[in-house]
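Please look at the sequence and the model together, and keep both in view while reading the report that follows.

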Amino acid sequence: MNFLDSLIHLSWFLSPALTLALLLPIAGRFWLSKNPTPRAYLAQVAVVFLACSLALVTSLWCWGMDGKMASYAALVLVGASCQWLISGGWRR
């Protein structure tokens, strides 16, 4: 596999993490709108993307394959927990 193919595989592997990272801060502004200090959107996206990517890589390492439903469940759980922490959801 050449470099371009590896890059394409990596982008498809990380695309669920990127999608979730782009949508969670937007959804968090609707549900956690009483937050007195809103964080910057790009900073939230970066933190959630890194956490979700780490969850996907960890699940790939644990199970040895990509695309298990447990991997995606962990992705959603880690992403939502990270967004909740960033938004200060525990203060409500």
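Helix 2 and helix 3 are roughly antiparallel to each other, because the angle between them is over 145 degrees, the cut-off for that word, whereas angles under 35 degrees count as roughly parallel, 65 to 115 as roughly perpendicular and the rest as oblique. The model is a predicted one, in which local features need pLDDT of at least 70 and side-chain atom pairs count only at pLDDT 80 or more, while totals for chains, interfaces and linings use all residues. Residues are numbered from 1 along each chain as its sequence is written, and side-chain values use heavy atoms, with hydrogens and water left out.

**The chain as a whole**

The protein chain has 3 helices and 0 strands, where helices (H or I, at least four residues) and strands (E, at least two) are DSSP runs numbered from the N terminus. Read from the N terminus, the order of elements is α-α-α. The C-alpha trace spans about 50 × 25 × 15 Å along its principal axes. Of the contacts (heavy atoms within 4.5 Å) with a separation of 6 or more, 65% are between residues 24 or more positions apart. The accessible surface, computed by the Shrake-Rupley method with a 1.4 Å probe, comes to about 6300 Å², and 75% of that surface belongs to carbon and sulfur atoms.

**How the helices pack**

The table lists the helix pairs, with axes that are lines fitted to C-alpha atoms over the stretch in contact, and with angles that run from 0 to 180 degrees between N-to-C directions.

| Helix pair | Crossing angle | Axis separation |
|---|---|---|
| helix 1 and helix 2 | about 140° | 8 Å |
| helix 2 and helix 3 | roughly 150° | within 9 Å |
| helix 1 and helix 3 | roughly 30° | within 10 Å |

With the angle given in the table, helix 1 and helix 2 are therefore oblique to each other. A crossing is called right-handed if the near helix is turned clockwise from the far one by less than a right angle, and left-handed if anticlockwise. The crossing of helix 1 and helix 2 is right-handed, the crossing of helix 2 and helix 3 is right-handed, and helix 1 passes helix 3 in a right-handed crossing. The contact between helix 1 and helix 3 is made by Pro 16, Ala 17, Leu 20, Leu 24 and Pro 25 on the helix 1 side, and by Tyr 72, Leu 75, Val 76, Gly 79, Ala 80 and Gln 83 on the helix 3 side. Where helix 1 meets helix 2, the residues of helix 1 include Phe 13, Leu 14 and Ala 17, and those of helix 2 include Phe 49, Cys 52 and Leu 56.

**The nonpolar core**

In soluble globular proteins, nonpolar side chains tend to be buried together. A nonpolar core is a set of buried Ala, Val, Leu, Ile, Met, Phe, Trp, Tyr and Cys residues joined through side-chain atoms within 4.5 Å, and buried means under 20% relative accessible area, with exposed over 50% and partly exposed in between (1.4 Å probe, protein chains only). The largest core holds 14 residues, and Ala 17, Leu 20, Val 48, Cys 52, Leu 56, Leu 75 and Cys 82 are the members that touch the most others. Two or more residues each come from helix 1 (3-31), helix 2 (41-63) and helix 3 (69-87), and helix 1 gives the largest share, 6 residues. Leaving aside residues up to four places away in sequence, Ala 17 touches Phe 49, Cys 52, Ser 53, Leu 56 and Leu 75.

Is Gln 83 buried or exposed? Gln 83, which has its place in helix 3, counts as buried because its relative accessibility is 4%. Beyond its neighbours up to four places away, Gln 83 touches Leu 24, Pro 25, Gln 44 and Val 48.

Val 47 lies in helix 2 and is partly exposed, with a relative accessible area of 40%. Apart from residues up to four places away in sequence, Val 47 touches Cys 82 and Ile 86.

Ala 51 also lies in helix 2, and although Ala 51 and Val 78 are 27 residues apart in sequence, their C-alpha atoms are 6.7 Å apart in space. Ala 51 is in contact with Val 78 and Cys 82, with neighbours within four places in sequence left aside.

Gly 67, in the loop between helix 2 and helix 3, is partly exposed, with a relative accessible area of 38%.
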